[in-house]
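Reader: I would like to go through this model element by element, with the cut-offs stated as they come up.

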Amino acid sequence: MKALVAGGAGFIGSNLTDLLLAKGHEVVCVDNYFIGTKDNIAHLSTNPRFKMYEQDLCDLNALSKIFESEKFDYVFHLAANSDIQASAKNPVVEYKNTYTTTFNILECMRLYGVKKLFFASTSAVYGEKTELLTETTADLRPISYYGASKLGSEALISAFSHMNDFEVLVFRFPNVIGPRLTHGVVFDFIKRLSDDPTQLRILGDGTQCKPYIYVTDLVEAIVRFMETGKKGMEIYNLGVEGATTVTKIADIVCEKMGLKNVRYNYTGGSIGWKGDVPHFQYDLTKIHSTGWKACYNSDETVAKTVEEVLKCRQ
C-alpha cells in the first residue's frame, strides 16, 4: 500500500509513519513543519519506502500535484494545529491548519479517486459535557477554535464520503502523549521544573482531570482499524482506563525527576485557559466491543511519557 501521512513529521504522524513502514507499506509524508519537526523523521531519510514533501497542505494546487504523481491508496490525515492555547490568540491558525487542510485533502481524494481515509478528530468536538461521552452524544458545542474546526472537518468528511463513496475511519482522540512530545502539560511541567526545581506554576486549580493515551497504543489502533470495509464514516471514541488530574501529573513529574518539597503555585479557577475543557470521560463500549484495549491506563501513560521526555533531555 502507498499511504499519504499528512502531518507525518508531527508527534503522532511520525509515530504512525514508523509503524506503517514497519508493516511493509510505502509512506509519503507531507508536512510544512508548523508543528512537526525534521528531527522526528530524520531516521527515515535512507528508507527507500519513505518520501518527504515539505509542503503546506493549504496550497491546493501543490497538493494536487503530489496526489497526481504519487497515486495513493490510503490517506492518513493528522495535519492540524495541535497547540490549542496558541490558536486561542489567533483563530486563523485553526481555519488554515485544521479546517482548510481537511477540505484540500478531501478535494484531492475526490479528484484523484482515492477512496480510503483516516481522520484524527478529538474530544474537543463535544464541548463541555458532564456525562460519559459516546459516539452518538448529541448537541455538540465545541468551546475552542480547535474543537470547532475539527467538528467542521467531520462535517466535510461526512459529505465527501457520502458523495464520493469514501471509506472513512474517524478516531476522536483523548489527550495523546508519549515519545516525541513537543508541548502540553507534561512537557511544560518538565521544562519549568528544569528551570526552577523549587516551585511549579500550575494553570487552574489542579483538579482538571482527563484521560491520557500513549501514542503507540493510539497508532496501533489506527492501523488495526484502518480498513472499515464499508462506505461512509465510522467514528470511534478512543480512550483508556481512568483519567489523571493535573496535580497528579505534577506529582508524577516531580517523582520521576527526583524532586521533593516542590511548591505548587496554582493560578486559580476551574480551567487552565479559555477554551479548555477541564473534565471529560469517554464511554468506551464501542471500541472495547471489538476486543481492542489500550495497553496502558492514564496514570501509567503519564509516568511512561515523563520517563521518555526526561531520557530525551539527557
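Reader: Are helices α4 and α5 roughly parallel or roughly antiparallel to each other?
Author: Helices (H or I, at least four residues) and strands (E, at least two) are DSSP runs numbered from the N terminus, and axes are lines fitted to C-alpha atoms, for helices over the stretch in contact, with angles from 0 to 180 degrees between N-to-C directions. Helix α4 (residues 92-112) packs against α5 at about 10 degrees, and their axes are 9 Å apart. Angles under 35 degrees count as roughly parallel, over 145 as roughly antiparallel, 65 to 115 as roughly perpendicular and the rest as oblique. The pair α4 and α5 is therefore roughly parallel.

Reader: What pLDDT do side-chain atom pairs need here?
Author: Residues are numbered from 1 along each chain as its sequence is written, and side-chain values use heavy atoms, leaving out hydrogens and water. This is a predicted model, in which totals for chains, interfaces and linings use all residues, local features need pLDDT of at least 70, and side-chain atom pairs count only at pLDDT 80 or more.

Reader: How many nonpolar residues are in the contact of α4 with α5?
Author: Contact means heavy atoms within 4.5 Å. On the α4 side the residues include Tyr95, Phe103 and Leu106, and on the α5 side they include Tyr146, Leu156 and Phe160. Ala, Val, Leu, Ile, Met, Phe, Trp, Tyr, Cys and Pro count as nonpolar, Asp, Glu, Lys and Arg as charged, and the others, Gly among them, as polar. By these classes the contact of α4 with α5 has six polar and four charged residues, and the nonpolar ones number nine.

Reader: What is the strand order of the open sheet?
Author: Two strands pair if DSSP finds at least two bridges between them. The edge strands, each pairing on one side only, are β3 (50-54) and β11 (232-237). Neighbouring strands are turned by 15 degrees against each other on average, direction ignored. The seven strands pair in parallel, in the order β3-β2-β1-β4-β5-β6-β11.

Reader: Which residue in β2 does Ala6 stand opposite?
Author: Strand β1 (residues 2-6) runs parallel to β2 (residues 26-31), and five bridges join them. Within β2, the residue opposite Ala6 is Val30.

Reader: Which residue is the bridge partner of Thr122 in β6?
Author: Strands β5 and β6 run parallel and are joined by seven bridges. The β6 partner of Thr122 is Phe173.

Reader: How many residues of β6 are buried?
Author: Buried means under 20% relative accessible area, exposed over 50%, and partly exposed in between (1.4 Å probe, protein chains only). In β5, six of the seven residues are buried, so this strand is largely enclosed by the rest of the structure. Strand β6 is also largely enclosed, because its buried residues number six of the seven.

Reader: At what angle does helix α7 run to β6?
Author: Helix α5 (residues 145-164) packs on the sheet as well, touching β5, β6 and β11, with its direction at about 155 degrees to that of β5. Helix α7 (residues 215-225) lies across β4, β5, β6 and β11, and its angle to β6 is about 160 degrees.

Reader: What is the phi of Asp165?
Author: Most residues other than glycine have a negative phi. Asp165 is in the loop between α5 and β6, and counts as partly exposed at 39% relative accessibility. Although Asp165 is not a glycine, its phi is positive, at about 60 degrees.

Reader: How far apart in space are Leu132 and Asp283?
Author: Leu132 lies in the loop between β5 and α5 and is partly exposed, with a relative accessible area of 49%. Not counting residues up to four places away in sequence, Leu132 touches Thr137, Gln281, Tyr282 and Asp283. Leu132 and Asp283 are 151 residues apart in sequence, yet their C-alpha to C-alpha distance is 5.5 Å.
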